[in-house]
Every structure is written in structure tokens, then in C-alpha cells.
Amino acid sequence: MTNHVADLANSDVILIIGNNTAENHPTAFRWVIKAMERGAKLIVVDPRFTRTAAVAHLYVPIRSGTDIAFFGGLINYILQHKLYQEEYVREYTNAPFLINPAFGFADGLFSGYDPVKRTYDKSSWAYQLDGEGLPRRDPTMTDPNSVFQLLKKHYSRYTLEVVSAVTGAPKGALEEAYRIYAQTGKPDRAGAIIYAMGQTQHTIGTQNVRALAIVQLLLGNIGIAGGQVAAMRGLHNVQGSTDLAALYNNLPGYLAAPTNKDQSLTDYLKRVTPGAKDPKSLNWWKNYPKYIVSLLKAWFGEAATRENDFGFNWLPKITAGRDYSHIPLFEAMLRGDIKGFIVIGQNPAVGGPNSNLERKALEKLEWLVVVDLWETETATFWKRPGVNPEAIKTEVFLLPAASWLEREGSVTNTGRWVQWRHKAIEPVGDSKPDLWITNQLIRRVRELYRKEGGVFPTPILNLNWNYGEGLPAAQEVAKEINGRALADIRDAEGKVIVEKGMQVPGFAALQEDGSTLCGNWLYSGYFTEKGNMAARRDNSDPTGLHLYSNWAWNWPVNRRILYNRASVRPDGTPWDPKRAPIRWDPEKKAWVGDVPDGPQPPGAIYPFIMLPEGVARIFCTPLADGPFPEHYEPWESPVPNLLSKQQINPLSKIWESELNRRGDTAKYPIVGTTYRLTEHMQAGGMSRNLPWLVELQPEPFVEISEELAAEKGIKNGDRVIVETSRGAAEMVAVVTKRLKPFHVNGRVVHQVGIVWHWGYEGISRGDSGNLLTPHVGDANTTMPEFKAFLCDIRKVV
Amino acid sequence: MARKAMLVDTSICMGCKGCQAACKEWNDLPAVLTRNTGSYQNPPDLSAKTWMTVKFIEYEADNRLQWLFFPMHCMHCTEAPCVFVCPTGAMHQVEGSFVVVNTDWCIGCRYCVQACPYDVARFDSDLGWVRKCTFCIDRVENGLPPACVKTCPVGAIQFGDRDLLIARARARVEELKRLGHPNANLYGETQLGGLNVLYILLQPPAVYDLPEQPKLPSRSIALNWLSGAIAAVVLPTFPLWWIIKRRMDAEAETSSSKGGKPV
Amino acid sequence: MREIVWGWPIVLYLWVAGIAGGAYLAAVTVNVLDGNRHLTLVRVATYLTIPLFVLGVLILTFDLGRPERVWHMFVSFRPTSPMWFGTYFLLIGSVVGAGLAVRELGRLIGIEPPWANKVEFWAIRLGWLFALIVVAYIGVVFAQADRRLLWSGTLLLPALFIASSLSTGIALLAVILRLTKVDEPQWVTRALHDADVLFIIIELGLLATFLAWLAASGGPVKSLLTGTLSIWFWVGLVLVGLLVPLLLELLVPAPHPSRWVVFVAPILVLAGGLVFRYVVVFGGQM
């Protein structure tokens, strides 16, 4: 989230799309309720009338996979009715920037598309540059090559008629939603858009999020209290996981993972460190060298010196341009390329797309280690229903893990708040905390390398790994993540700001000469000399803006509202004086309120400090599939794309095979989507083993409309089979008024929804929803398209 | 001391069932085996082992669909029919608010189960007595809110002084009417002497399967005894006497006509 | 179908207690009307009534979730509860019944103190009163369950129970009289069969009124007339339990030359009484 959960209480309008907040984030939802108690309006956009829609003011039904059509219509509405916050758009976004006149869009494709390579040559997407190498701007935003005019032109195609025809949403509801939300374009009105997997789990997922980001920028909703792009992450600590590099293309702190093309640290830094010529652009990523070097010092300690590039070449390097994410990983596993697999607190046999394929892939492993609290479906894939265990050669280890109640550590929520958790009870039986398990693994592997040598022992043997023999102290790890001075750190005047051996107060003290170590620059400041900031529990709120700045600690540097310099005009006056997160005090010559994005006085720097332009990107070139979001149909869709001739995202990642076939509309005419329930947790290990939760939702089900049920002769409570080209799942049919058939361009399209928590283990067993989903992914992230596919449904006789 | 009560604002309830789970946990009630019969509502009904369940009601009217959530447990009536009919006094009222079963004293006659207008009290066939929501009396008497109140993430269930809650509820009902819920109403203010669990409803009580105005037991009891007394006086006397006497007299006549000796 | 909380034990209690009470009421009525000359009849009734009554009380006690706690009712003061009153009624009724049983025992083994007859005289009349109270109060108990509209939707439930108790009690008395061949004049048998007819008619009338009243108060009349219980209601109760015996009694009046008719009608009435109570108890909870 660009702000945080409690900040939702400040919003005047909250739009929830591709997320079921009340269902999956009930505790966070109280802040939405608090906003509503102040008079805020809640709009829910979803194929299904959910538990969130039940308490909303307005519900807009849209067919799965048509979110860009919805947002395109909203962008068009905002532009046509001139409801954008003009000064904000002009000053703080790249709307006035001029683009290469060769840029174009036709027939669903942007300029520069290579149909053979299936990529874009983006040279026509570049900014026009002036003599100093700075982007050319038109402050009037009337130049036809300005981003603003290009935006207007692109979304002029998303009229209410077209959007209604594509999404199946009634025009009246669309217009009402647009009207209400666009009101937040006023400077004293704040709007938040809450989204989650319903947006990201599509072949156009990244562009879905881009679309809502554009809406927020047009309405001036970023950087202010109550205005945010509110990603609701799917678990209590997935933010923490990705912060600390759970993704293959990251190092901790979202530093880029090195590739085979980075033969030296210098090569790497040259590739990743952005340059900015504009003196008003803070371009914070220019500090890359400090962060990567400090990270290397944390990992390799004394062994990392300037001479050996601080051990840069000891890091594993991915092949440039290759995709190592979940889907290709399992595809490689299926081919037999992966020998061993360690799965920690994850259950891909249930949670991964195309369960049949992924379970089969696991059979090809030589060994598998599962670290979990329960014997999950992944741990028992080798004896799952329908397979002969004798035929499977994988050696499987199950290491019992301790739960979060049985160990100490920090957890980072979706609002970037790092909150310390204390241990409540001793672990049950032989179960051990992950820290202990990891420590044992590394220690023993290292010992083996020491004794037996090996192919490339240097990185392992040079690891700065001294956490003792037993359970590492979480605080020690936390301190290392925060960062420490390895020599006296002096400021520009030579004054010592951090003594040798002391914790650094924040990432501003990190150095690129190897005199600091830091496990994650983003977390620098969370465990300082003052102590464990994440353990603070002061819930006072002096600004009344729900900042709670002394409760726990959030990254970066406890700044609760990101880009908060955008909450004031260039002259420093807040857009909304009643709700200003930061305020310039001319006497103190400092900002008061939230931690500002830099102490510089008003107007000295641009507010979007993480981008080299310094202003937010309405037009965004680094994405693979286009600088503007464009609606494409999902890989499996019952209708042709009404917006252009290009049916699906031209850059969507597809692995078509025997086990991953594309279904055709004739056989599978119904749109299917998947989702979660309040009562269960993800792949079900945590919840389907607890009787009190099983009691609440005992069996997997599919929700179908009354109309579809009548067509198929299905009664409420009947058992049915849902089938796609990839598999079939037996479910209970919940016949409901909350799903209605969509009228898509005159045709009736039925939609059903499947819960996916179930598997063949646990107290409550059932078929996995992911038996149905495909191995296709987003063009940028390869996020699987769980949320829109084609299926059919029939009663079990 | 001011009477305590609970107020459930169903307009912000999101049906998360946190209250259900908390109730089970606090009262150490076992999970029951359930099936999905085509509804989110589970367990489908209250029972001796389930003292709280959230009702899920899909209601469509005037072109508008609503999914109404109703966290259901004992209403803790002021003039509680269950207390009224209990032959041992096991079902009793505490501090004028909370209706609690003394499970050491209950004999398991199940009269309360029959008498409750909300079908709340249930018989535990394993233990032999009746069980139901206790208003978390063990928590309340120690200065803590009931488990369901404590757990509710959005504060839909509130606990406190009854008069204050009613004032708050009335204001909220007016607000809901302004926000486009013309049928919003407060349930529990007057029913059965006043319920100590009050509900802000979005639709009339009948939509939630709630009786509009359940009969006051004190009123019905008088009529029932009266009807019983009248029937008892009338039926075994006049008809029976008449029919026997009729035959008796006829016999006396024939015997007298025959010579006096009864056959 | 909803959970049935008061099931077969309660149905059986109602039947058994109703028969016991009705038989005793009928016998004592004959005796009182005809100048105390039918002590034999009363005695026969006593032999029926007391065991049935004891059976009924045992059924009730063991139907409790905690039978060993039955004494809780006696040490509590609960005047709002018709069931509490009922417990005391049953208690006093038991005492009176015990007294009559002791008197009978004494007669059988030859211990007859001089005051025995005097006490018996008053005990019989007291027995009549408590037999009446026992068959009457139970209707009040059921009627107080306001949510069970079949029971509380009219004010006629006590009347129905009383009429049915009398009907079944008279029926059993008639059968036993015939079987035991006690020395009672024939007109008594005829009177009992007349009463049988009268009370079937009264029951039919009450039933019709009850259904009309129930429909008017929005009660579950449909479930009785056309729903799951309709077969029991129409065939079991109305036809077999009321109309057929009525017809038999009218067409073949007592004393009958053929033995089987004498028994058939009362036995059908007894069965009908059981069906009636099943329909009311179960139907009220569906």
C-alpha cells in the first residue's frame, strides 16, 4: 500500500475492486467501516456480490477479466468531465511530457511490436528530450504528443456503451460508480482504491494495477491522507517475504538480482542504477551502490573487500531475460530439470495453478523437503488419490515447523508496518522455528563443503554466518537487517554520525565503501541503538490522521504515507489543510507530521523520489506489454475482444501442452473464477486441520446463478462437477442470487466462482479449485491467470 | 446499576463468523460435523454445542439485492418465556439482564426449548441438560465484554448500558434511513419486556424470520389456565353426567315398568 | 423436519395418563350418580388407573435429561410454570392413588380398619378431582409454548386433551368391563358405550373448531390437513380413531350379540387417542 491500513479511515470514497476486503481482511476492514461512519462511500466492483458488497453503498457487477475496461471507462469519464485534479496532474505526473511522435496504437498493439519475438521495441515510447537531456514538457497539456493527450485519445474508445458491453455491467451502475469516485478529484477529497489478487492474477494483471494507479494520479489521490493505492496482500507476512527477496528477480530491499550479464559489480551498478539529469529529481535509487555493498558486507562479512567486488561474483546469477517464477519452475520440474525442491510454508499442490500438472511435476523430483506445520498435500503428493506410490521415486522429507505463536520475530503487514511478535508458547513436539531449521541447513551444508570440497565452495565458506549452534536470536538477525557501522561513519564535515560497531539509524548512513553492513536497506531504522522499533506499542494519534507513528515501525524510515510531498502544492501549501500529512513549518524550517520524503523545503524536489523523472508515470515504459493499460480478453474467454482485434495480451506467458490445453467456448462456455473464504486460509493447511474452522465451511463449493442452475437442473446443495480443459473438480453447488448472468455485447455469458482452499489432506478433504486453472501468466510478472478461465458444470448423477 | 445489554448493528456486520468462533473457543464448545447444504451459514442452526450462528439471508426486493447477516444467539429477554416456564428455576435471570441456565440444577425437561420464541435454548443429549448463550456472564462479571463483542473486527456487536445503546441505535436507524435503507428498524426495544440483545435491522423482522411481537408469557398464562379450567369444569361434568344419567334413568324406567329390580 | 424435543415418551405419557384419568373419571361419575352403588366399577377403574398412572409418571421421569434430579422440581417454587404445578398435581395424585392402592391391598389381604370405608369415600372423590386436574393441566403446559402454534394458536388444546382422555378412558373401561365380567348391570355398559359415542362427537366438534381457530390465527393447519402428517390425521385419527368407531357404535349398539364389535370400536378409539397425541406433539414441533 502506498499508505497503510488505518489510513483507509481517512478516505471519502473507497473503491474495492478485485478484492473482497471484508471476506479476506476482516480486521483491516474495520478501518473502511470507520471511514463509512464518517460518511465515506463504499463502491464494490466484483463479478459476484460478496460479503464486502453486502455492506457497500454501490455494487457494480463486472465479468472476470474486464477490469481494464472498467478503469478505461473511468479514466475516460474523468477526462471527459474534466474531473481530474489539474495542478496535481501537471506538476506531479508525466502528463505534460512529450512522447516520441512515432508512438502509436492500432488494432490492439502499441508501436514497435515484433510478432515473431512477441516483444515490443520501445524506442517509439521514449520521452522527447531537450538540449539538456531532460524530458520536454507542455504545461498546457494540449500538445497531441503530450502524455495527457495520448491518454485522452487512448481511452476515448472506452465509452460507457463499450464498457458496459465488455464488462456486462449495467450502464447506470457504471456511471454512478464513476460519478461518485471521480468526486475525489477535488483537492479536499480523498479516494482509495483497494485491490488484491482479483486484479493481479490475470495475463493483464500488471496493467490492471497500472490502470487504477492512473486513475489515482489523475484524481490527485497519491501522497495524501485517505488517498492511496491499497494493495491488500494475501497473507500477514507476504509483504515481509517479498521485502526480503522471496521473488527470484530480487535481492532484499527490491534490489535487482544479478544476471549472467553482470560480470562485475560495476557492470551490475551500471545496469541498475538510474541516472537523472534534473536537479529537482532526488532519484533515490542513485544510492544503489550503498545498498548493494552493505548487503554484500552483511552476507560475506570480512571476506567481502573492495578487491573482490565485495563478493559480488559469489552471488548466484540468473540468466538475463529468463523467467524463473512459479509456472516456469514447475514446467522445468515436469521436464525433469529440477532435482531437489525445498518448500517452506507453502503448498503448491493445492495453491499452484493447474494442480494436475504441478502434482505430476513433483513426481519428477529426486528429493523434496517440506517444512510445514501440517502434513500438506505437497508433502503427500506421492500417495495422493489416484497414484501408485511405488511408481514415484522422490525421497520426501517432512520437517515439522513451529507456528508464529511458538517463535519470535517480525511480521510486515500489507501497510509496510513491521510489527514484532513475541513467543507465546513452546513449540509442540519436535517442531522447530524456521530460523533454527535454516541455521541447521546452512551450518551442515557448509560443514560438508568444508570436508568434501565441492564445485564452488567459496560463497558458502565465505558466508558471514555466525548465529550459534541452536536457535538464532531473532534480535541478532533483526539487527543485521537494520545495519551496523563497521568503522566510524562521518558526515560531510567529518563529524562522526555513527560509531564503529553501532546500529545505523537509517539507510542515509549506509556507505558504498564497505564500512557498513545492512541486510535490507529498506528496513534500516527498525532495530537501532534506541532498540526494537518494531516492538513499540504506543497507539497515540496526535495528528488525528490515524498515523500512529509510534506504533511499531514501517519502511521506509517510518514514513507512513509514501510520496507525501505530493500532498502539498509546489509552494508548500497542503491541497487539503484539514488533512495534511505533512506541513512546512517556516520557523523551524522543517516539515511536521509524517516523516517527509526528504527534508528539502517545498518545491525544491519533485515528490516521486523513487523515479528518475521525480514525477509519477501516467505513461510507463518499463512494462513489457505497453505504456498504457489496454483491455485484452483472458487467455480463455467466451467472447471476442470488443476493443480491438488483438484477442489476448500479446505478451502473455503461455505454456501450452498436453497437460495445459486451452479450452474452447463450445465445450466450456462458462466463465470461471476462483477465490477464498474468510473461514479458510490459502491452501488450507492452517485451516482445514482445525475443527472449529472446518465446522464453519466444511466442503468446497462453486457458486452459480439461479439462472444457470435452472438451465442445468441443479438445485442448491447438489453435488456438481466443474470441468476445464485441464481438470475436473467435484464441489457442492451454492445456487445464489449474488451471481447473475452477464449480458456481454448482447450475449448471455454465465459466470461461476470456485473456492480453492481444498485438497486431499486434513480433517476436511475435497477437490482443489486449482485443478481447473491454467499455466498461463501475466506478461510482466508471470502471475498465473487464476481469476478468469472457461469451464463447464454438470450435476453429479 | 444500569441494565447492561448488547447491540448488534447488522448494517456493518460482514458475516465473518468471528463471533461464532470466539463463542466456541471461550465456552470450550466442540466443533460439530457440518455439511455444505448450499449456504454459507454453518452450523445451520443453533444447538446445545453451538450457541451462536450467523444467519445468511439473500433478500431481493425493488430491484435491489441484499445479503443480510444476522448473528443469532440468545436474546436475553426481560420477560423471558424460558424463565417463565422452567419448573426448577434452573433457567434464571441475573441482574435483570442476562438469562442463564444453572446447569447443575437443570433437570432436562426441555420446556424452555419449547417455550422460546426464538428457538434458542437447546437440549444437550450427551450431558442431559439445556445449554445456550450465557451472555458470557463469566466474563461480564469480571469486567470484560462478551467474547463475541471482543472479537468483532468492525464493532458490529457492542456491549454497554442498555439505555445508551438504544439511544445510539435510534440515531443509527435514522442515519440508515437517510443512507437509502427505508426499512431500517431497531428490534428488541419492546419485545418481551425488552430484549437485552438489540438488533439494528435493514429489513422488517419477518425477513430475518423473527417474530414481530412475541406473546408476553405473563399474558398468555392467565388465558391458558382459564381455558384449561373451563374445559375441566365443563367436559367431564355435564356431558358425562347427562349421558350416564340418561341411560340410568331409562334403565330405572324399564325396571320399574318391569317390576323394580335393576338388571 | 425440525428437531423433535418432546418425542414418543411424551406421546405415550399423554396417552397413558389420559386413559388412566378418563377411566377413573367415568367410573366415579357412574358411582356418584347412582348412589355409591358401583364400587366394583370404581375398583376396576382403580386397577387400571393406578398402574397406568405410575407408568406415566415413570415415563416422564425417565424422559428427563437428568432423571436423578427430578426432585429439583419439588424443592423449587415456580408458580409461573404450569409444569411445576403439574409436578405437584402428580405428586398429590400419587399420594391419593397410593392411598387407594393401600386400601385395595388391605381389602385383598383382609386388613380393613373401620375408618377405611370413610376414607375411601373421600379418597375416591379426591381421586376424581386429581384425575381431572392431571388430564387438564397438561394442555396448559403445551399451550404456553407460544412459538408452537399448533399448541398455542387456539385456546382449545386443554379441551381437546380432556375430551380425548375421557374418550379413551371410557373406551378402556368398557373393554375391561366386558373382559372381566364383573358384577355390574348392563345399563352401565350401555352407558359407557353411549358416552363413547357422545365423546367422539364432542371430539369431532372440538377438532373442527380447533382447525378453524388455528387457521384464523395463522397456525400450521396445512401441515395437518395436507402435509407430512395428513395421513395420520385423516386416516389414523379422523377415520379410524373417530368416524369408524362412531359408525360401529351407532349401527351396532351395545350389548352386542357378536363379541368382536364390542371390542373393535373402543380399541379403535384407544388407537385413535394415541394417533391424536402423536399428531399434536410431533406436529407442534415440525
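# Tour of a three-chain predicted model

Being three residues apart in helix α16 (residues 434-452) of chain A, Glu447(A) and Arg450(A) are separated by about one helical turn. Select this pair to start: Glu447(A) and Arg450(A) form a salt bridge, with 3.2 Å between the closest N and O atoms. A salt bridge here is a side-chain nitrogen of Lys or Arg within 4 Å of a carboxyl oxygen of Asp or Glu. By this rule there are 67 salt bridges over all chains. Helices (H or I, at least four residues) and strands (E, at least two) are DSSP runs numbered from the N terminus.

The model is predicted, so local features need pLDDT of at least 70 and side-chain atom pairs count only at pLDDT 80 or more, while totals for chains, interfaces and linings use all residues. Residues are numbered from 1 along each chain as its sequence is written, chains are lettered from A and ligands numbered from 1 in the order in which they are written, and side-chain values use heavy atoms, with hydrogens and water left out.

## Chains B and C

Colour by chain. Two pairs of chains touch, and the most contacts are between chains B and C; contact means heavy atoms within 4.5 Å. Chain A and chain C do not touch, and their nearest C-alpha atoms are 17 Å apart.

Select the interface of chains B and C, which takes 56 residues from chain B and 63 residues from chain C. The area buried there is about 5200 Å², with 62% from carbon and sulfur atoms.

Next, show Asp146(C) and Lys215(B): their salt bridge has its closest N and O atoms 3.9 Å apart. The count between chain B and chain C is six salt bridges. The polar contacts across this interface come to 30 residue pairs, both residues at pLDDT 80 or more. A polar contact is a pair of N or O atoms within 3.5 Å; within protein, one must be able to donate a hydrogen and the other to accept it, and residues adjacent in sequence count only if both atoms are side-chain atoms.

Which helix of chain B gives the most to the side that touches chain C? It is α8(B), with eleven residues. The residues of that side of chain B divide into 34 nonpolar, eleven polar and eleven charged. In this division Ala, Val, Leu, Ile, Met, Phe, Trp, Tyr, Cys and Pro count as nonpolar, Asp, Glu, Lys and Arg as charged, and the others, Gly among them, as polar.

## Chains A and B

Move to the interface of chains A and B, where 39 residues of chain A meet 34 residues of chain B. The buried area is about 3000 Å², and carbon and sulfur atoms give 58% of it. Arg51(A), Trp692(A) and Glu695(A) supply 24% of the area that chain A buries against chain B, more than any other three residues.

Glu695(A) also forms a salt bridge with Lys24(B) (2.5 Å, N to O). The largest share, six residues, comes from α2(A). That side of chain A holds 17 nonpolar, eight polar and 14 charged residues.

## Two loops

In the loop between β23 (553-554) and β24 (582-585) of chain A, select Pro556(A). The peptide bond from Trp555(A) to Pro556(A) is cis, with omega near -10 degrees. Asn558(A) is in the loop between β23 and β24 of chain A; Asn558(A) is not a glycine, yet has a positive phi of about 65 degrees. Most residues other than glycine have a negative phi, and most peptide bonds are trans.

Finish in chain B at Pro43(B), in the loop between α1 (18-26) and β2 (53-61). The peptide bond joining Asn42(B) and Pro43(B) is cis, with omega about -10 degrees.

Technical notes
Buried area is the accessible area (1.4 Å probe) that two parts lose on being put together, summed over both.
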